[in-house]
Amino acid sequence: IGIERAVIVNASCHGLDNSVVTDAIAASNGLYKGVGNVDDSFSEAQIDALDRGGIHGCRFTFLKRLGRTPDMSAFHRVVEKIKAFKWHVVIYLDPETVADFAPILSALPVDYVIDHMGTVKAEKGLDQPNFNALLDLAKRDQKCWVKVCGFERASAKGAPFYDAVPFGAKLVETIPDRVLWGTDWPHPN
């Protein structure tokens with residue numbers, strides 16, 4: 001499809017093992033970068049090794065259905081460690097939680113990416129509170145980026161997921177310079 005450069009995000013299923021991403025980065029001849037999974041047990045030396053391996057951000061998955069309720073103290077400890085490396089954070093939130101997280105995210109000392117369009121649900125329409133909270137946060141916080149991906153997760157109608165397209169279009173219209181596109185390949189859901 002003509003993509004020459006990429007950022008590979010370590011999938012939740014790999015846990016804290018970032019070798020899939022660092023191996024792909026190493027094989028890319030400098031064309032790929034990555035986002036890893038880290039927790040507060042990672043030392044500065046381990047983060048430095050990941051940074052030298054092409055990782056420049058870390059992902060937090062706050063999904064209760066996966067048993068990942070946020071330990072906000074640990075989250076803030078990790079953010080303090082990574083800010084020295086000028087990393088960003090990627091946040092994968094439970095549906096309907098953007099408004100709850102907005103004050104926390106706005107206060108971060110690093111850029112952040114909200115994954116999967118804030119886990120919108122297409123059947124609730126463009127005027128749903130969660131999506132409005134996402135748009136408001138993105139408009140007022142220049143550190144906020146939004147990844148337009150996961151259309152199959154947002155859709156209520158199924159393939160080809162046309163009911164999710166208006167959400168991506170509205171994000172591009174609202175913050176065109178802070179939207180990222182992702183494939184979500186290999187589509188684990």
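Tutor: Start with D94, which counts as buried because its relative accessibility is 12% and buried means under 20%. Keep in mind that this is a predicted model.

Student: Where does D94 lie?
Tutor: D94 is in the loop between β4 (88-93) and α4 (98-106).

Student: Which residues does D94 touch, not counting those up to four places away in sequence?
Tutor: D94 touches F62, L63, K64, R65 and T119.

Student: Why is α5 called roughly parallel to α7?
Tutor: Check the angle. α5 and helix α7 (residues 165-174) pack at about 20°, with their axes 10 Å apart. Angles under 35 degrees count as roughly parallel, so α5 is roughly parallel to α7. The crossing of α5 past α7 is right-handed.

Student: Which residues make that contact?
Tutor: From α5 come F131, L134, L135 and K139; from α7 come F167, K170, L171 and T174. By kind, the residues of this contact are 5 nonpolar, 1 polar and 2 charged.

Student: What makes a set of residues a nonpolar core?
Tutor: The residues must be buried, of nonpolar kinds such as Val, Leu and Trp, and joined through side-chain atoms within 4.5 Å. Here the largest nonpolar core has 45 residues. W87, V89 and L171 have the most contacts inside it. Helix α5 (residues 129-140) gives the most to this core, with 6 residues.

Student: What is V89 in contact with, leaving aside neighbours within four places in sequence?
Tutor: V89 is in contact with C58, F60, V79, I82, L108, V110, D111, Y112 and V113.

Definitions and conventions. Residues are numbered from 1 along each chain as its sequence is written. This is a predicted model: local features need pLDDT of at least 70, side-chain atom pairs count only at pLDDT 80 or more; totals for chains, interfaces and linings use all residues. Side-chain values use heavy atoms; hydrogens and water are left out. Buried means under 20% relative accessible area, exposed over 50%, partly exposed in between (1.4 Å probe, protein chains only). Helices (H or I, at least four residues) and strands (E, at least two) are DSSP runs, numbered from the N terminus. Contact means heavy atoms within 4.5 Å. Axes are lines fitted to C-alpha atoms, for helices over the stretch in contact, and angles run from 0 to 180 degrees between N-to-C directions. Angles under 35 degrees count as roughly parallel, over 145 as roughly antiparallel, 65 to 115 as roughly perpendicular and the rest as oblique. A crossing is left-handed if the near helix is turned anticlockwise from the far one by less than a right angle, and right-handed if clockwise. Ala, Val, Leu, Ile, Met, Phe, Trp, Tyr, Cys and Pro count as nonpolar, Asp, Glu, Lys and Arg as charged, and the others, Gly among them, as polar.
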